[in-house]
Amino acid sequence: MGEKHVVRFEPVGIEIEVDEGQTILRAAAENGVQLMHGCKEGQCAACKSFVLEGEDIELDSYSTFALPDYEKEEGQTLLCRAHAYEDLVIELLNYDEEIIRGGLPLRRGVVEVLSNEAVTHDMRHLVVKLLEPDEIKFFPGQYMDFVVPGTEETRSFSMANTPNREGIYEFVIKIYPGGLFSEHLADKIQVGDRLEVEAPFGTFTLRENRTSNLIFVGGGAGMAPVLGLLRSMAERGVERKATFYYGARTARDLCFEDELHALAEKIPDFRYVPALSEPAEGEPWEGHTGLITEVVKALEPTLEGADAYVCGPPPMVDAAIATLTALGVREQNIFYDKFTTTGEQEGEDGQ
């Protein structure tokens, strides 16, 4: 590790010490400061911020789609890739003070696999139990990092469950051919196997200080964090009008259908709206068809005053954000998780 420097975040006035060997985002998380972030790989831009004071910053590799060269020259940076080599003042461009000050400590641990079952032709429902430490706290909607067996690489997956005393964690994970973690999950990971983990990460959590209507838009493994949020709402008796729009290609890409329809009886004024973009010929489907953003547009004449939570592949997330803002959702009330890929050869989900 290297020298430590002070990084101050404005406009919230929080200061932390950052070791030169850490990214600023990592140091913040270890200090219980929950900054906005998504992929931690420099691809989703959720942690993009502006450097007000200080110039000696180095970035690990990142995507220029997340931080174009002209933005970097203007002073913007990605906190998940940035290393501080002097004291800095950072202006947070995307932040939620309730979330920032309510961060939970990062903890490493070991889990044991309880089950690894297919829920669609290319998604698995992985259930694990924490062996050590005694507890890793998290908020519904957050995610956990898994160390890929036999490597030092990690992959991130959102938890579909709510916090519980038994230390059980559930995940819905898409299988990609050749994916570093997917390969293990599809062919090698068995009940009883032990995996190294770290959590919690992510800010895809319900803003508890609001009472506005909720719109959830998801696709693929984006099912996991939304399911976690909905299960939490049902457990706690949250009474906010909520609709979950879930996009899939064909009927065989749908999962957790029975539970989602049953949640309508537990959450007052909740609707689950699945849509198929490419229903198979002759497939008995009476629901909505088309891209999920088109379905949202057709069924929601206006969404002014609503909070929106969007989770799935980057193209779907970007299209959903554009649709939601056009329907009247304020940009600061759209919370999203982009499931970015890690390595072109792997095609691995980022959460």
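**Stop 1: helices α7 and α8**

Select residues 292–299, helix α7, and residues 314–326, helix α8. This is a predicted model. The two helices pack with their axes 9 Å apart, at an angle of about 15°. That angle makes α7 roughly parallel to α8. The crossing of α7 past α8 is right-handed.

Now show side chains. From α7, pick Ile292, Thr293, Val296 and Lys297. From α8, pick Met316, Ala319, Ala320 and Thr323, which they meet. What is the make-up of this contact, by nonpolar, polar and charged residues? The contact of α7 with α8 has 5 nonpolar residues, 2 polar and 1 charged.

**Stop 2: the parallel sheet**

An open sheet of 6 strands runs in the order β17-β16-β15-β14-β18-β19. Its pairing is parallel. Which strands sit at the edges? Residues 288–289, strand β17, form one edge, and residues 334–338, strand β19, form the other. Each of these pairs on one side only.

Zoom in on β14, residues 214–219, and β15, residues 242–248. These strands run parallel and are joined by 6 bridges.

Return to the helices. α7 packs on this sheet and touches β14, β15, β16 (270–276) and β17. The direction of α7 makes about 145° with that of β15. α8 packs on the sheet as well, touching β14, β18 (307–312) and β19. Its direction makes about 160° with that of β18.

**Stop 3: helices α5 and α6**

Next, select residues 223–236 for α5 and 257–266 for α6. How are packed helices described? For α5 and α6, the axes cross at roughly 25° and come within 10 Å. Angles under 35 degrees count as roughly parallel, and α5 and α6 are therefore roughly parallel to each other. Their crossing is left-handed.

Show the contact residues on both sides:

- α5 supplies Met223, Leu227, Leu230, Arg231 and Ala234.
- α6 supplies Glu259, Leu260, Leu263 and Lys266.

Colour them by type. The contact of α5 with α6 has 6 nonpolar residues, no polar ones and 3 charged.

**Stop 4: the antiparallel sheet**

Move to the sheet with the order β11-β10-β13-β8-β9-β12. It is open, has 6 strands and pairs antiparallel. The edge strands are β11, at 154–158, and β12, at 168–174. Each edge strand pairs on one side only. By how many degrees are neighbouring strands turned against each other? The average is 40°, direction ignored.

Select β8, residues 107–120, together with β13, residues 194–201. The two run antiparallel, with 6 bridges joining them.

**Stop 5: two cis peptide bonds**

Stay in β13 and select Ala199 and Pro200. A cis peptide bond joins these two residues, with omega about 0°. Pro200 is found in strand β13.

Then select Glu132 and Pro133. Their peptide bond is also cis, with omega about -5°. Where does Pro133 lie? Pro133 is in the loop between β9 (123–132) and β10 (143–147).

Draw a C-alpha to C-alpha distance from Pro133 to Arg108. The two are 7.7 Å apart in space, and 25 residues apart in sequence. Setting aside neighbours within four places in sequence, Pro133 is in contact with Arg107, Arg108 and Gly109.

**Stop 6**

Finish with α1, residues 24–30. Select Glu30 and Arg26, which form a salt bridge. Their closest N and O atoms are 2.9 Å apart. Why are these two separated by about one helical turn? Because Glu30 and Arg26 lie 4 residues apart in helix α1. Across the whole structure, a search finds 15 salt bridges.

Last, go to Ala45, in the loop between α1 and β3 (48–53). Most residues other than glycine have a negative phi. Check the backbone here: phi of Ala45 is near 75°, a positive value in a residue other than glycine.

Key: Residues are numbered from 1 along each chain as its sequence is written. This is a predicted model: local features need pLDDT of at least 70, side-chain atom pairs count only at pLDDT 80 or more; totals for chains, interfaces and linings use all residues. Side-chain values use heavy atoms; hydrogens and water are left out. Axes are lines fitted to C-alpha atoms, for helices over the stretch in contact, and angles run from 0 to 180 degrees between N-to-C directions. Angles under 35 degrees count as roughly parallel, over 145 as roughly antiparallel, 65 to 115 as roughly perpendicular and the rest as oblique. A crossing is left-handed if the near helix is turned anticlockwise from the far one by less than a right angle, and right-handed if clockwise. Contact means heavy atoms within 4.5 Å. Ala, Val, Leu, Ile, Met, Phe, Trp, Tyr, Cys and Pro count as nonpolar, Asp, Glu, Lys and Arg as charged, and the others, Gly among them, as polar. Two strands pair if DSSP finds at least two bridges between them. A salt bridge is a side-chain nitrogen of Lys or Arg within 4 Å of a carboxyl oxygen of Asp or Glu.
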